Amino acid sequence: MCGRYALRRDVDDLVEEFEVDEDTLSPSGSGPGPVATLSTNVAPTTTPPVVLERFRKDDPDAPPTRSLRALRWGLVPSWSKDDSGAARVVNARVETLLSKPAFAKAAVARRCLVPVDAWYEWQTSGTATEGGKPRKQPFAVGAADGSVLSLAGIYEFWKDPAKAEDDPTRWLVSFAVVTTAAEAGLDRLHERMPVVVPRDLRDAWLDPSLDDADDVQSLLGAVPRDLFLGGALEAHPVSRRVGNVRNADPGLLDPVPLDELEGVVDLRTGELLGG
């Protein structure tokens, strides 16, 4: 999976969709929070909204609280000396999620959902540009019914050793998106894709009491693997302007007309589209 996606929903819509108890983003929430990145071109190191559940320290016997929070995209492990490598850890491979030191503890204790309208991926064409380089066509992959998707994520707390104990900014909370091998059809875009958590598994993925590695592995195994060919996901070519993070207008998600495509392969049939 490449490091770019779209989320342009209102915060209130996300609160309703994910049945959030505590909204830290909007003025109507329980308190002020970081500025959330809502954009058609969300990129690493920005702070988009994620959904998570945590037990309250002051009342550990109470049910966990589900929160909507702005976290930085790019995981910084708790043991890191600094946060310089965050931009490189935007994804966590499902194959090593429970074994790699950077991810293992978060996978059993700190899971989150990442709301997206669509994620972007670039298809490498067999045709070349005028400069001789392989042509790359961006696609947007989203829910066929237009609903918001929830991607599996993990998050981590990192304490900046260079800041004072009473500095409210000394804690950085960051996240990574969990990826897996691409489904049939979507593998014509890229060999990887994010793990899409269906509605009936959202509660289990967020549940902080589900903290056994075997249970997490079983949960990952329950995620469906036929969302694209089964019709739950759709994908269409979009403007190459999405390659520049400064472009974030609503039109980025619009389909590119067929007559403007060059060397693009249809994801379902394998047929060549355009010239």
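**A side chain and its partners**

Analyst: Let's begin with Q123: a polar atom of its side chain lies 2.9 Å from the backbone nitrogen of V265. Pairs like this count as polar contacts, meaning N or O atoms within 3.5 Å; within protein, one must be able to donate a hydrogen and the other to accept it, and residues adjacent in sequence count only if both atoms are side-chain atoms. This is a predicted model, where local features need pLDDT of at least 70, side-chain atom pairs count only at pLDDT 80 or more, and totals for chains, interfaces and linings use all residues. Residues are numbered from 1 along each chain as its sequence is written, and side-chain values use heavy atoms, with hydrogens and water left out.

User: What lies 3.2 Å from a polar atom of the Q123 side chain?

Analyst: That is the backbone oxygen of R188.

User: Where is Q123 found, in which strand? And is Q123 buried or exposed?

Analyst: Q123 is in strand β9, residues 118–128. Strands here are DSSP E runs of at least two residues, helices are H or I runs of at least four, and both are numbered from the N terminus. Q123 has 2% relative accessibility, so it counts as buried. Buried means under 20% relative accessible area, exposed over 50%, and partly exposed in between, using a 1.4 Å probe and protein chains only.

User: Which residues is Q123 in contact with?

Analyst: Leaving aside neighbours within four places in sequence, they include R135, F139, L189, G263 and L267. Contact means heavy atoms within 4.5 Å.

User: Switching to helix α3, which residues are buried there?

Analyst: In α3, residues 199–206, the buried ones are L201, R202, W205 and L206. Seen down the axis of α3, they fall within an arc of 130°, so they line one face of the helix. The arc is taken from the directions from the helix axis to the C-beta atoms.

User: What does R202 touch?

Analyst: Not counting residues up to four places away in sequence, R202 touches E17, F18, L113, V148, S150 and V197. Its relative accessibility is 7%. R202 and C112 are 90 residues apart in sequence, yet 9.2 Å apart in space, C-alpha to C-alpha.

User: New topic: what is phi of E19 near?

Analyst: Phi of E19 is near 50°, a positive value in a residue other than glycine. Most residues other than glycine have a negative phi. E19 sits in the loop between α1 (11–17) and β2 (22–23), and is exposed at 56% relative accessible area.

User: And what about T45: what is its phi?

Analyst: T45 has a positive phi of about 75°, although it is not a glycine. T45 belongs to the loop between β3 (39–42) and β4 (49–54) and is partly exposed, at 43%.
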